[in-house]
Amino acid sequence: MAFANTNRVRRLTLSLIALLGVEAAVFAADAVLAPDMGRAERSSPVALDRRGAWLRALPVEDGRWRIRADLARTDSTFQKRLVAIEDARFWIHPGVDPLAVARAAGSALATGRVSSGASTLTMQTARLLEPRPRTLPAKLIEMVRAVQIEARLSKREILALYLTLAPYGGNLEGVRAASLSYFGHEPETLTDGEQALLIALPQSPEARRPDLRPEAARAARRAVLDKMIRARILSETAAAEAEDEPLPGRSAFPALAWHVAGELARAAPADLASVPTTLDAGLQARLEPLAARAAQAQGPEATAAILVVEIKGRAVRGAVGSGGLARPGGWIDMTRAVRSPGSALKPFIYGFAFDDGLAAPDTQIDDAARRFGDYQPENFDRIFRGKVTAREALTYSLNVPAVELLDKVGPAAFEARIDGAGVNLVRPRAQTREAGLAMALGGVGITLRDLAVLYAALGDGGVAKPLAWTVDEAARRERSPGRRLMRAEAADQVLAILRETPPPAGATAAALTKGRPVMAFKTGTSYGFRDAVAAGVVGPYVVVVWTGRADGGARGGLTGRDAALPLLFDAADLIDAPASAPRPIAPRGAPQALARLETRNAGPRLIFPPDGSTVQVEAFGPASRGLVLAAGGEGLSWYAAGEPLAADPVSGRTIWRPKGPGFYRLTVVDEAGRKASARVRVK
């Protein structure tokens with residue numbers, strides 16, 4: 001008895017060992033001969049705007065549109081009908097349906113030919129992953145692969161994979177690509193006729209293409225509708241109505257926010273079907289033609305870029321990377337390119353100076369020729385204005401006061417504070433050169449995105465946060481405390497000054513316009529006119545624009561004020577920013593030349609150059625650049641040292657070209673014979 005029990009235990013043990021050995025062999029074979037999921041991984045998600053509108057997806061190999069299916073954004077009725085028609089026991093079988101195999105085998109034996117298929121949706125998915133000729137050995141391999149896939153993925157994942165790989169004619173793969181191309185919308189809501197066509201197409205996509213073979217497509221749709229009637233998932237009346245639906249053609253995919261949407265789609269995880277971005281498709285569609293027109297107006301080599309950021313959450317609502325893909329360098333995202341900001345960093349020099357107690361908005365600063373070591377800055381117009389307040393110096397973007405304040409703040413400290421806000425300033429030959437005063441005038445590189453981070457900090461009480469490109473990132477930014485760039489008081493002082501900057505020609509000053517958001521803005525022009533930049537805070541938004549050449553080439557005479565500022569105002573006008581009442585104008589001391597408003601009968605008023613001023617020119621004589629004279633009055637004539645000055649025939653302005661250095665008497669006379677004069681020193 002004991003011996004018999006021992007034998008029984010031994011046999012049971014050996015059986016278990018054999019079973020484990022078989023299982024181990026199966027698992028090893030499964031691991032070594034795993035299904036190839038490469039085609040599934042080489043698929044593209046869809047970048048969506050904040051309301052779910054399609055922005056862009058990426059083509060895969062051979063230009064095929066293999067778009068990842070998103071079951072949450074796919075008509076649930078369509079999913080149920082697809083399963084009912086193609087694989088009724090999909091939710092319960094292990095990848096192979098034994099009943100369907102038995103039925104197909106019995107039919108083949110009875111008729112002598114294959115009259116019905118036994119492919120499940122999982123088997124079809126296996127065939128789409130690893131295409132093979134339709135032979136009996138291939139069918140057996142599909143069955144094995146189907147079981148392997150079922151062991152790896154859930155049923156919903158398998159259904160999503162099938163709807164990603166299914167062919168729909170031409171270079172269309174996946175139900176989202178087909179729905180958008182044929183019907184012009186995502187498959188979230190599909191008509192009965194659309195559902196029937198999408199079920200029919202994958203079985204013979206080229207022979208049934210509705211845009212090329214409408215009769216075959218109509219017959220295939222009718223056959224699926226008949227199956228729905230027999231399965232009692234569609235009434236005969238609804239099927240008749242579906243049959244009357246016109247067959248679709250094929251349309252191109254949307255490609256809004258081409259650069260950013262592509263960037264986000266490429267960076268998405270392999271299992272993500274949709275990338276919900278912060279972009280606003282409506283605003284984006286308005287900004288892109290605006291950038292294209294601006295680029296076209298500035299020459300055949302020019303391009304443009306625009307960023308619109310909602311300060312709350314730092315959500316990027318609009319991002320235009322170029323003036324168009326057809327323009328030189330149009331495929332380069334210029335919002336990511338490192339370019340010189342010109343004077344666009346000056347507000348932060350003043351903000352740090354206010355924050356550190358080194359200056360206040362009405363602190364007087366000397367705007368005069370001065371050397372800082374081996375560095376001698378000049379104003380853009382080569383003119384020095386004597387004593388000015390910090391407010392005036394920033395409003396009119398004077399260079400010497402900005403450099404002097406940067407010298408007080410410290411170039412290294414300035415760079416460190418910017419870096420502490422998460423913004424990278426790129427210096428020439430950064431490994432060998434220290435931060436210098438030239439940063440005040442654009443001697444440093446920065447991306448448009450980082451510039452938007454800094455200006456958003458001005459609009460958020462001095463707190464800097466990274467930009468948010470997805471809905472999830474924006475939610476995190478709202479909860480984040482951010483990094484303190486400067487005190488709120490200093491940021492508000494800078495914004496108050498920037499709101500007083502003269503607007504571009506043709507734009508009305510915001511402070512004088514009822515119901516319009518107040519724009520606080522700054523422009524910048526890089527050396528050689530390579531980059532024209534303008535950045536502004538308008539209502540709850542920050543707008544940053546750039547124009548220039550993608551290759552960094554120089555352009556003649558296009559400044560930030562001329563080439564970028566009008567684009568900034570135009571872009572701001574496209575935003576649905578809430579109106580804000582103009583701020584009250586606080587009383588303060590006026591510049592000496594404007595201390596008293598002249599009456600109508602007082603005669604001409606000489607504006608530039610003012611009496612007693614010293615002006616600096618770079619050359620003398622008729623070939624020099626000269627100085628543009630300005631005065632208020634009607635029918636004016638100008639004289640220098642008693643000699644009449646002629647108006648420029650092109651611009652109509654009077655340009656004075658001094659013969660040499662020294663003191664001059666300038667006189668302006670109006671049509672009534674009244675005159676004003678100024679004694680000016682020329683250096």
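Analyst: Buried residues (those under 20% relative accessible area, with exposed meaning over 50% and partly exposed in between, for a 1.4 Å probe and protein chains only) make up 49% of the 683 residues in the chain. This is a predicted model, in which local features need pLDDT of at least 70 and side-chain atom pairs count only at pLDDT 80 or more, while totals for chains, interfaces and linings use all residues. Residues are numbered from 1 along each chain as its sequence is written, and side-chain values use heavy atoms, leaving out hydrogens and water.

The chain has 21 helices and 23 strands, where helices (H or I, at least four residues) and strands (E, at least two) are DSSP runs numbered from the N terminus. Two packed helices are described by the angle between their axes and the distance between the axes. For helix α18 (residues 448–459) and helix α20 (residues 488–498), the axes come within 8 Å and cross at roughly 100°; such axes are lines fitted to C-alpha atoms over the stretch in contact, with angles running from 0 to 180 degrees between N-to-C directions. The helices α18 and α20 are therefore roughly perpendicular to each other, given that angles of 65 to 115 degrees carry that name, whereas those under 35 count as roughly parallel, those over 145 as roughly antiparallel and the rest as oblique.

On the α18 side the contact (heavy atoms within 4.5 Å) is made by Tyr-455, Leu-458 and Gly-459, and on the α20 side by Ala-491, Val-494, Leu-495 and Leu-498. Sorted by class, this contact of α18 with α20 has six nonpolar residues, one polar and no charged ones, where Ala, Val, Leu, Ile, Met, Phe, Trp, Tyr, Cys and Pro count as nonpolar, Asp, Glu, Lys and Arg as charged, and the others, Gly among them, as polar.

Tyr-455 also takes part in an aromatic pair. With Phe-348 it forms an edge-to-face pair, 5.2 Å centre to centre and with 85° between the planes; rings of Phe, Tyr and Trp (its six-membered ring) pair if their centres lie within 6.5 Å, and planes under 30 degrees apart count as stacked, over 60 as edge-to-face and the rest as tilted. Because Phe-348 lies in helix α14 and Tyr-455 in helix α18, the pair ties together parts that are 107 residues apart in sequence. Phe-348 counts as buried, at 0% relative accessibility, and Tyr-455 is buried with a relative accessible area of 0%.
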